[in-house]
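Q: Can you walk me through this model? I'd like to start with the strands.

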Amino acid sequence: MDALSISHLSHSYGSRKALDDVSFTVAPGSFTVLLGLNGAGKSTLFSLVTRLYAARNGEIDIFGANVMRDPGAALRSLGVVFQARTLDLELSLIQNLVYHAALHGIGPLEARRLGMAALARAGLAERANDKARALSGGQMRRVEIARALLHKPKLLLLDEPTVGLDIKARADLLAHVRGLVSDEGLGVLWTTHLIDEIEDDDQVVILHHGKALAAGRAADIVAENNASDIGAAFATITGANSLFPQAGRG
Ligand SMILES: Nc1ncnc2c1ncn2[C@@H]1O[C@H](COP(=O)(O)OP(=O)(O)OP(=O)(O)O)[C@@H](O)[C@H]1O
């Protein structure tokens with residue numbers, strides 16, 4: 001069973017089509033990259049998967065549960081880290097986690113236990129009582145990931161998680177999330193416009209102007225397009241000639 005299955009998904013804002021008949025899957029325990037330039041439709045896709053918007057055209061299933069027809073079961077298996085920062089900066093790390101757990105109906109003692117375990121996994125156990133404000137950008141992202149994993153979902157979505165981080169923090173965050181995939185079997189959908197975040201064995205979905213133009217193992221996409229690397233393959237597939245491995249917003 002797929003961790004995430006997107007089938008013939010379309011979405012329009014008025015007359016502007018943001019997603020056009022998009023289909024792809026994320027396998028359990030896989031690191032899948034959703035690669036697209038700004039405006040490709042990545043955030044719209046996230047909004048549909050998380051039910052911020054209702055999907056009227058197409059199907060979204062999370063571990064076999066349909067997001068529209070069985071949202072409780074579908075969303076239980078899902079953790080999400082949105083692009084915008086969402087920690088309460090005036091609360092401590094553990095308070096941020098405990099309050100979030102309460103929203104999921106987890107009692108305070110269990111929430112504290114889960115929260116401390118999550119912080120330990122993020123390498124931030126000794127910072128538990130520091131205010132979120134005191135953290136670096138990369139550390140804040142790790143706390144947001146820890147929070148998104150509190151209810152033990154098997155699929156984690158991250159919307160451009162490295163935006164605004166420096167090169168070292170980007171690499172550390174990527175390594176942390178890859179570790180969750182290899183050590184804990186988490187399925188991850190990682191969106192980015194930065195090709196240097198992609199490794200040969202990653203699954204890649206290329207989203208461009210609302211269309212999924214290619215999907216498969218990165219190295220296979222490169223070979224199929226007689227390209228030198230995934231950036232060149234992206235240029236061939238999309239006809240876009242500028243995709244630079246730059247930090248921050250492109
Ligand atoms: N609320 C909205 N109303 C109208 N148009 C929108 C809205 N949100 C997004 N769009 C348009 O839909 C298209 C896809 O946008 P979307 O934000 O999903 O792309 P993205 O790949 O996430 O880009 P970014 O990384 O810049 O957020 C764009 O053309 C965008 O201008």
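Q: How many bridges join strand 3 to strand 8, and do they run parallel or antiparallel?
A: Five bridges join strand 3 (residues 31-35) to strand 8, and the two run parallel. Two strands count as paired if DSSP finds at least two bridges between them. Helices (H or I, at least four residues) and strands (E, at least two) are DSSP runs, numbered from the N terminus. Phe 31 stands opposite Val 188 in strand 8.

Q: Before we go on, what kind of model is this, and how are residues numbered?
A: This is a predicted model: local features need pLDDT of at least 70, side-chain atom pairs count only at pLDDT 80 or more, and totals for chains, interfaces and linings use all residues. Residues are numbered from 1 along each chain as its sequence is written.

Q: Back to strand 8. Which strand does strand 7 pair with, and in what sense?
A: Strand 7 (residues 155-159) pairs with strand 8 in the parallel sense, over five bridges. Asp 159 is opposite Thr 191 of strand 8.

Q: What unit do strand 7, helix 6 and strand 8 make?
A: A right-handed β-α-β unit, with helix 6 at residues 167-184. Right-handed means that, with the strands pointing away from the viewer, the path from the first strand over the helix to the second runs clockwise.

Q: Why is strand 8 largely enclosed?
A: Six of the six residues of strand 8 (residues 187-192) are buried, so the rest of the structure largely encloses it. Buried means 20 or more other C-beta atoms within 10 Å of a residue's own, with C-beta atoms placed from the backbone. Both faces are covered. Gly 187, Leu 189 and Thr 191 are on one side, with Val 188, Trp 190 and Thr 192 on the other.

Q: New topic. What order does the open sheet of four strands have?
A: The order is 2-1-4-5, with antiparallel pairing. Strand 2 and strand 5 (65-66) are at the edges with a single partner strand each, so one side of each has no neighbour in the sheet.

Q: How many bridges between strand 1 and strand 4?
A: Five, linking residues 4-13 to residues 57-62 in the antiparallel sense. Ser 10 is opposite Asn 57 in strand 4.

Q: And the ligand: which residues are around it?
A: Among them are Tyr 13, Arg 16, Lys 42, Ser 43, Thr 44 and Glu 160.

Terms used: Near = placed C-beta within 6 Å. Buried ≥ 20, exposed ≤ 12 C-beta atoms within 10 Å, placed from the backbone.
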